[in-house]
Amino acid sequence: MSCNYADGLSKYENKGVCGLKEIHDDPVLLNEKINELANMIKEAKHVVVHTGAGISTSAGIPDFRGPKGVWTLEKQGTKPNINVSFNEAKPTVTHMALVALLNNGFIHFLISQNVDGLHLKSNFPPDKLAELHGNMFLDKCNHCERLFIRKDATSTVGQKHTGHYCPLPKANGRRCRGKLYDTILDWEDELPVRDLNLAEMHSREADLSICLGTTLQIIPSGNLPLLTKKS
């Protein structure tokens with residue numbers, strides 16, 4: 001759950017603007033916007049999607065800065081009332097729609113700030129995905145740097161040793177035995193080089209960036225769509 005993940009982070013005061021109101025368009029205006037977006041996607045040559053916690057709220061995972069977000073309620077001295085764990089959460093209609101859009105050639109790359117692993121569970125191709133803040137279901141070896149998919153969500157946060165070791169062989173045939181670390185970033189951790197480089201490259205190449213479920217307040221992730229605008 002995102003509040004448990006949040007509890008594992010170090011203390012940090014500047015969490016951005018919280019308690020943002022949700023805007024609900026009337027059906028007529030909403031339909032007009034949908035048609036306009038559909039036309040933009042059809043005309044674009046390289047579409048990049050940026051996702052945040054808002055796309056997972058319908059899976060039972062609270063966001064952070066919405067009306068009932070983790071950071072919003074923290075300022076009120078309380079926590080979200082939730083009963084879904086990261087292990088139990090399932091991809092939403094949004095997650096599955098993104099897979100369908102990719103498979104049909106309408107979008108070309110996805111950049112996510114989410115750590116909930118729902119893009120992984122939806123079978124979104126890893127080579128078309130940059131997860132800038134880590135994944136609760138991925139460990140990384142500190143020697144060979146290979147990634148391992150976990151059955152259950154990690155219990156550690158902040159790139160800590162999970163207690164497991166790399167089982168794969170090295171070039172000489174011996175087991176690597178490197179330590180496996182969670183991939184979840186803490187506030188001041190540097191973003192993963194591979195994911196950040198891909199995110200910047202595709203953001204610059206894109207002629208259309210679509211932002212879903214994010215207030216774009218976390219930097220540098222929040223600045224990436226601006227690279228598309230500048231291009």
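**Figure 1. The salt bridge between Asp-25 and Lys-33 in the predicted model.** Asp-25 pairs with Lys-33 through N and O atoms that are 2.9 Å apart at their closest; a salt bridge is a side-chain nitrogen of Lys or Arg within 4 Å of a carboxyl oxygen of Asp or Glu. Asp-25 has a relative accessible area of 29% and is therefore partly exposed. Lys-33 is likewise classed as partly exposed, at 41%. Buried denotes under 20% relative accessible area, exposed over 50%, and partly exposed the range in between (1.4 Å probe, protein chains only). The model is a prediction, in which local features need pLDDT of at least 70 and side-chain atom pairs count only at pLDDT 80 or more, while totals for chains, interfaces and linings use all residues. Residues are numbered from 1 along each chain as its sequence is written, and side-chain values use heavy atoms, with hydrogens and water left out.

**Figure 2. The salt bridge between Asp-139 and Arg-150.** The structure holds 3 salt bridges. In the pair shown here, the N to O distance between the side chains of Asp-139 and Arg-150 is 2.9 Å. Asp-139 belongs to strand β4 (residues 138-141), whereas Arg-150 sits in the loop between β5 (147-149) and β6 (161-165), so the pair ties together parts that are 11 residues apart in sequence. Helices (H or I, at least four residues) and strands (E, at least two) are DSSP runs, numbered from the N terminus. Both Asp-139 and Arg-150 are buried.

**Figure 3. The salt bridge between Arg-194 and Asp-195.** The closest N and O atoms of Asp-195 and Arg-194 are 3.0 Å apart. Asp-195 is buried, because its relative accessibility is 12%. Arg-194, by contrast, counts as partly exposed at 40%. Side chains of opposite charge can pair when their charged atoms come close.

**Figure 4. Surroundings of Ser-56.** Ser-56 is found in the loop that runs between β1 (47-51) and α3 (70-75). With a relative accessible area of 0%, Ser-56 is buried. Leaving aside residues up to four places away in sequence, Ser-56 is in contact (heavy atoms within 4.5 Å) with Ile-61, Thr-92, His-95, Asn-114, Asp-116 and Leu-118.

**Figure 5. Gly-69 in the loop between β1 and α3.** Gly-69 is buried, its relative accessible area being 0%. Residues up to four places away in sequence aside, Gly-69 touches Asp-63 and Phe-64. The C-alpha atom of Gly-69 is separated by 12 Å from that of Gly-52, which is 17 residues away along the chain.

**Figure 6. The interface of domain 1 and domain 2.** Domain 1 comprises 22-133 + 191-230 and domain 2 comprises 138-190, with bounds taken from an automatic or database domain assignment. The contact takes 11 residues from domain 1 and 11 residues from domain 2. About 730 Å² is buried between the domains, 68% of it on carbon and sulfur atoms; buried area is the accessible area (1.4 Å probe) that two parts lose on being put together, summed over both. The side of domain 1 that touches domain 2 has 8 nonpolar, 2 polar and 1 charged residues. In this classification, Ala, Val, Leu, Ile, Met, Phe, Trp, Tyr, Cys and Pro count as nonpolar, Asp, Glu, Lys and Arg as charged, and the others, Gly among them, as polar. Between domain 1 and domain 2 there are 0 salt bridges.
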